[in-house]
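Subject: Handover of a structure

Dear colleague,

I am passing on a structure that you have not worked with before, and I would be glad if you kept it open while reading my notes.

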Amino acid sequence: MRVLIIGSLAGELGQAARMAIARGAKLDQTESLEAGLERLRNDGRFDLVLCELAYDIAALVAALAAERMVVPVVACAVNPDPEAAVRAIRAGAREFLPLPPDPDMIAAILQAADGESHVLVARDPVMLATVRRAEQIAAAEASVLISGESGTGKEVLARHIHRRSRRAGGPFVALNCAAIPDTLLESELFGHEKGAFSGALARRIGKFEAADGGTLLLDEVSEMEPRLQAKLLRAVQEREIDRLGGSAPVKVNVRILATTNRDLAAEVACGRFREDLYFRLNVVALCIPPLRDRPGDIAPLAQHFARHYAEVNGLPPRSLTPAALALLAQQRWRGNVRELENTIHRAVLLAAGEAIGAEAIELIGERVPPAQARAAEPRAEGVASLVGQRMEDVERQLILETLNHTLGNRTHAATILGISIRALRNKLRDYAAHGVAVPPPPAGVATPFAGVEV
Ligand SMILES: Nc1ncnc2c1ncn2[C@@H]1O[C@H](COP(=O)(O)OP(=O)(O)OP(=O)(O)O)[C@@H](O)[C@H]1O
Ligand SMILES: [Mg+2]
């Protein structure tokens, strides 16, 4: 976790910096916007920028956007003018941090920027076999394609491979190919030279160079447009990249891991994904089974999340009752581990007593049907009450309600709804444009910029 501080460390911001270091963050600091931008251009590994409100936050956010750099900005100030704080958020700052800092808020901001927790829990024999296979090939240099439904733990497994590899001392850099618009993705991957496009005021390195000596995770690689697939193929094949507007290729020493929640072989078959790239990425294939096919993981994961979210929320540790565990075991978990995680997070907050009982567990998913009923057609119960409503309205309600259930997580909601992330995002953008309140993305999911994702 790398944080760039733009401001003076002499006062309360220094206190925030010390808290961030105590939580494991690595810091860099400058006292001017220009110097800050220069650091960001030369080092693609920053996860967060903490910038004093006295600086022109709007100019910083605009410069990042113009130079196609994707990193969240948090504005901070002592006794801020409320108007200025609101302006910073409107300008695209992710968050506002009042100083002197509150340790819990620092922790929440760091956790949000760092993405999700990286502990890997596995007990079910089916999952243990996958983890063992991953550990077996971790030390090799081969590219690995990790597939699995959304929320099964592909990124968690990728980080595990990196930790067990010979590159563990090097950087682990992840790039979500689906979360970044095509226009920004190329520069995120390969960087650019000064003058490559109208906002490119100086050279900037991309994720390939940032991951030099370590591992690059290309998350949701199936979402990449064909033109970029061709460029990626060259980078993977030659281990060299061309910065946008560059005249000479740059050598890079990276190991590539990629994830997909689509069937990439099927994407190849229907011409949406390059076959040559598929073979390059898929030297070793790891497939993470859905949670419903590894029931032995449900209880250990639930207990792990109960401990984790009690700690994060400053609550006393509470265990799950046998009734709660039995209820969890019956669910289908279409959103996989992420859905279980959100469910337990909510249960930790809702539980009243010393333990987390079944009443604290709110579920929307279907239960796993008894074996004999499995072949039967699903019933249309409940749909009758919708007759009389417009299709569009029902769809909007369903989308927003599902998003509430997933605590704002777009990927998970799209999976439950059975639509692509892009389709979901377009719908949400449309709703927002018509004044409909859309649940914000969760704290744990990195959203590069207001405007990039609704
Ligand atoms: N085996 C596991 N142990 C502990 N936590 C896990 C495990 N698998 C998944 N998680 C948690 O579940 C959430 C989803 O995991 P992850 O992001 O790795 O899934 P994913 O397959 O990459 O999902 P998506 O396809 O939506 O990107 C994360 O918060 C992660 O920490
Ligand atoms: Mg992922």
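The notes below go from the whole chain to a single residue.

This is a predicted model, in which local features need pLDDT of at least 70 and side-chain atom pairs count only at pLDDT 80 or more, while totals for chains, interfaces and linings use all residues. Residues are numbered from 1 along each chain as its sequence is written, and side-chain values use heavy atoms, with hydrogens and water left out.

The protein chain holds 18 helices and twelve strands, counted as DSSP runs (H or I of at least four residues for helices, E of at least two for strands). Its C-alpha atoms fill a box of roughly 65 × 55 × 50 Å along the principal axes. For 454 residues a compact globule would have a radius of gyration near 22 Å, and the 23 Å of the protein chain agrees with this; the radius is taken over C-alpha atoms, and the globule rule is 2.2 Å times the number of residues to the power 0.38.

Of the 454 residues, 49% are buried, where buried means under 20% relative accessible area, exposed over 50%, and partly exposed in between, with a 1.4 Å probe and protein chains only.

R163 is partly exposed, because its relative accessible area is 41%. Leaving aside residues up to four places away in sequence, R163 touches H118 and A168, a contact being heavy atoms within 4.5 Å. The C-alpha atoms of R163 and P103, 60 residues apart along the chain, are separated by 28 Å.

Kind regards

Definitions and conventions:
Chains are lettered from A and ligands numbered from 1 in the order in which they are written.
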